[in-house]
Amino acid sequence: MSKFKLVSEYKPAGDQPKAIEALVDGLNKGQEKQTLLGVTGSGKTFTMANVINEVQKPTLVIAHNKTLAAQLAQEFEEFFPDAAVHYFVSYYDYYQPEAYVAASDTYIEKDAQINDEINKLRHATTQSLLSRDDVIIVASVSCIYGLGSPKEYLKKNFLINVGDKLSKTDIMRRLVEIHFERTTADLTPGSFRSLGNTIDIMPTSSEKIMYSIDIMAGKIDQIRIINPISGVVLETIDQILIFPAKHFITDGGKKDAAMTAIKEELDAQLKYFHDNTKILEADRLKRRTEYDLAMIREVGYCSGIENYSRHLSGKAEGEAPDTLISYFPHDENGNPEFLTIIDESHVTIPQIRAMYRGDQARKENLVHHGFRLPSAKDNRPLRFEEFEERVGQQLYVSATPSDYEKEVSEQVVEQIIRPTGLLDPIIVQHGVKATDDGAYPGQIQDFIAEAESEIAEGGRVLATTLTKKMAEDLSTYLKDKGIKAEYLHSDVKTMDRIKIITEFRKGEFDILIGVNLLREGLDMPEVTLIGILDADKAGFLRSETSLIQTIGRAARNDRGRVIVYADIMTDSLQYAIDETARRRELQMAYNKEHGITPKTIKKNIKDITERMQSEHVETVINELDTDLAAFGGNIKKLIKYKKRAMNDAVSELDFERAAIVRDQIIELEGRLSAK
């Protein structure tokens with residue numbers, strides 16, 4: 001059994017030791033729900049890591065957005081370098097769910113852009129859960145959506161041993177059955193190719209390796225792991241286990257039964273529509289469903305197959321779907337044998353609660369107008385009570401837990417004293433509007449002056465606005481004034497968000513502007529100033545919880561301070577200021593008693609996109625930097641040279657080399673246009 005082994009140069013300090021002891025004691029006593037009330041910068045993630053290390057259970061960590069999930073995954077990877085730490089979020093960069101607007105008779109077809117990198121991580125997640133014990137999965141709330149049966153996924157895996165009696169045809173047939181695609185070109189995750197007596201396979205979880213299987217006289221002669229770019233043999237092995245390329249799969253017998261059940265449901269629904277004179281709806285449903293049945297029969301898959309998941313899985317009407325949670329270990333009675341940590345619980349729990357209701361309202365409309373069978377409603381996220389039943393022991397983590405967490409928890413553990421001795425930031429109030437006499441310039445000009453002062457001393461600055469539009473406009477305004485600034489909000493793609501934060505921490509720009517995305521969980525110790533614009537505007541973004549969370553972003557630096565721009569003192573603003581002052585007094589008293597001098601947190605600047613970057617991209621960039629130096633930085637001249645090199649590679653049928661040179665040309669042209 002693989003075990004967790006925590007690796008860190010730090011030891012628990014401040015309030016961490018007593019928090020770890022209390023939480024572990026609660027888990028050992030069988031307490032189902034506990035809350036860790038930890039102020040920002042108190043090392044809640046380190047406390048969580050220590051708890052995981054003590055209880056030695058597979059762990060699901062749920063975060064309320066992809067950016068926070070990525071950061072947590074990176075931190076847990078550092079604490080547990082030998083464990084399987086995975087990032088599991090929705091694999092869509094863009095997602096428009098299927099919907100129907102009756103008022104305008106508008107059908108909106110599902111439109112999605114899948115991020116292949118995230119899709120690989122999702123497969124790596126489920127494969128680790130089914131094959132080892134030291135697993136930490138950091139997930140967004142997408143983990144409560146239907147995923148496909150783990151039993152079918154595990155049953156369909158393909159084990160190949162050296163010496164097995166398998167022909168090339170046998171292997172290719174099995175690969176197609178588990179939804180691998182055959183190609184004659186470069187491999188991508190979930191594909192294979194046949195060359196002579198060899199079959200090359202790229203697993204779904206990585207593009208950095210491929211399996212090369214040699215077959216001689218109807219037997220497996222050799223299995224090698226190869227670097228697909230360089231062709232170097234990394235390892236020769238005796239056995240490989242290949243998991244399916246899709247999560248929604250079913251075997252032949254169940255598929256036939258499912259198709260019969262779908263046809264029966266279709267007939268019943270068509271009868272209902274005809275009996276109620278809904279001819280248009282009946283025609284819609286008949287055409288859609290019969291086409292999908294034909295695709296499932298011929299290729300075993302269809303677009304939107306998840307809408308038939310109830311039939312394919314053999315579940316009863318209304319029964320909860322299989323989700324990522326189903327892949328975690330359970331005992332023989334079905335009881336969970338893993339730990340669930342809900343980070344920033346005051347935001348994450350309401351998200352989990354809301355998912356089911358929103359999904360059902362949309363599906364009801366589609367069913368009513370003949371776009372889907374009624375069973376499509378069972379392709380859904382878990383209800384909150386179903387989620388609670390399936391996750392077992394829970395640990396809520398937040399600097400501002402809601403009443404719900406406090407009420408249901410068997411104990412609330414406080415973590416107010418930071419290991420670094422850092423204090424909650426100083427808060428000052430400045431006005432919003434400019435004065436008529438010109439004595440005060442208004443919040444934007446005042447913020448710019450304060451920010452420039454911090455930047456001159458090497459600090460970074462955050463600004464929080466009330467709208468995305470204001471964040472974008474302020475970013476543009478600052479750039480026009482020669483200040484390096486970027487905006488960040490929910491419309492920015494997942495991988496781009498992570499990259500923006502990393503560049504900000506590295507100092508590639510000085511001011512980061514956002515809306516509520518800047519509140520919870522973003523760990524940026526370089527930040528010395530936060531400007532909360534329009535702090536006196538009533539609403540969710542300026543509530544007690546939101547303000548305390550925002551203020552906490554400045555608590556990781558010993559120079560941290562916050563300016564709240566407000567002309568009036570609202571109740572929420574007053575509470576946030578008073579609570580911050582209370583905590584600051586406790587921290588100062590502790591530091592004085594123990595002779596502690598506050599120190600800014602030092603944190604490595606990494607991002608999850610670094611480990612996602614393919615070797616192809618690394619090759620492109622590394623060669624390009626060398627070539628640019630050789631050409632004295634002359635981009636135009638290098639582009640001409642590269643175009644000739646690409647044509648030469650094509651003429652020699654070296655398409656892999658041509659692809660690398662092509663991408664180098666694209667990169668060079670991008671750099672040229674940016675000048």
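**Questions about T580 and its surroundings**

User: Leaving aside its neighbours within four places in sequence, which residues is T580 in contact with?

Analyst: This is a predicted model, where local features need pLDDT of at least 70 and side-chain atom pairs count only at pLDDT 80 or more, while totals for chains, interfaces and linings use all residues. Residues are numbered from 1 along each chain as its sequence is written, and side-chain values use heavy atoms, with hydrogens and water left out. Contact means heavy atoms within 4.5 Å. With neighbours within four places in sequence set aside, the partners of T580 are D424, P425, I427 and I551.

User: Is T580 buried or exposed?

Analyst: T580 sits in helix α17; helices (H or I, at least four residues) and strands (E, at least two) are DSSP runs numbered from the N terminus. Buried means under 20% relative accessible area, exposed over 50%, and partly exposed in between (1.4 Å probe, protein chains only). The value for T580 is 4%, so this residue counts as buried.

User: Which helix gives the largest share of the lining of the second largest cavity?

Analyst: A cavity is a set of points, on a 1 Å grid over the protein atoms alone, where a 1.4 Å probe fits but cannot get out, and lining residues have an atom within 4 Å of a point. T580 belongs to this lining, along with others including D424, P425 and I551. Both α16 (544–552) and α17 (571–594) supply at least two residues. The largest share, 3 residues, comes from α16.

User: In β24, what is the bridge partner of A463?

Analyst: Strand β21 (residues 460–464) runs parallel to β24 (residues 527–532), and 5 bridges join the two. The partner of A463 in β24 is G531.

User: What is the phi of D534 near?

Analyst: Most residues other than glycine have a negative phi. D534, in the loop between β24 and α16, is buried, with a relative accessible area of 10%. Its phi is positive, near 50°.

User: Where is Q56, which has a phi near 55°?

Analyst: Q56 is another residue other than glycine with a positive phi. Its relative accessibility is 23%, so Q56 counts as partly exposed. Its place is the loop between α2 (44–55) and β2 (59–62).

Technical notes. Two strands pair if DSSP finds at least two bridges between them. On a 1 Å grid over the protein atoms alone, a cavity is a set of points where a 1.4 Å probe fits but cannot get out, and a pocket is an open set with protein on both sides within 12 Å along at least five of seven lines; lining residues have an atom within 4 Å of a point.
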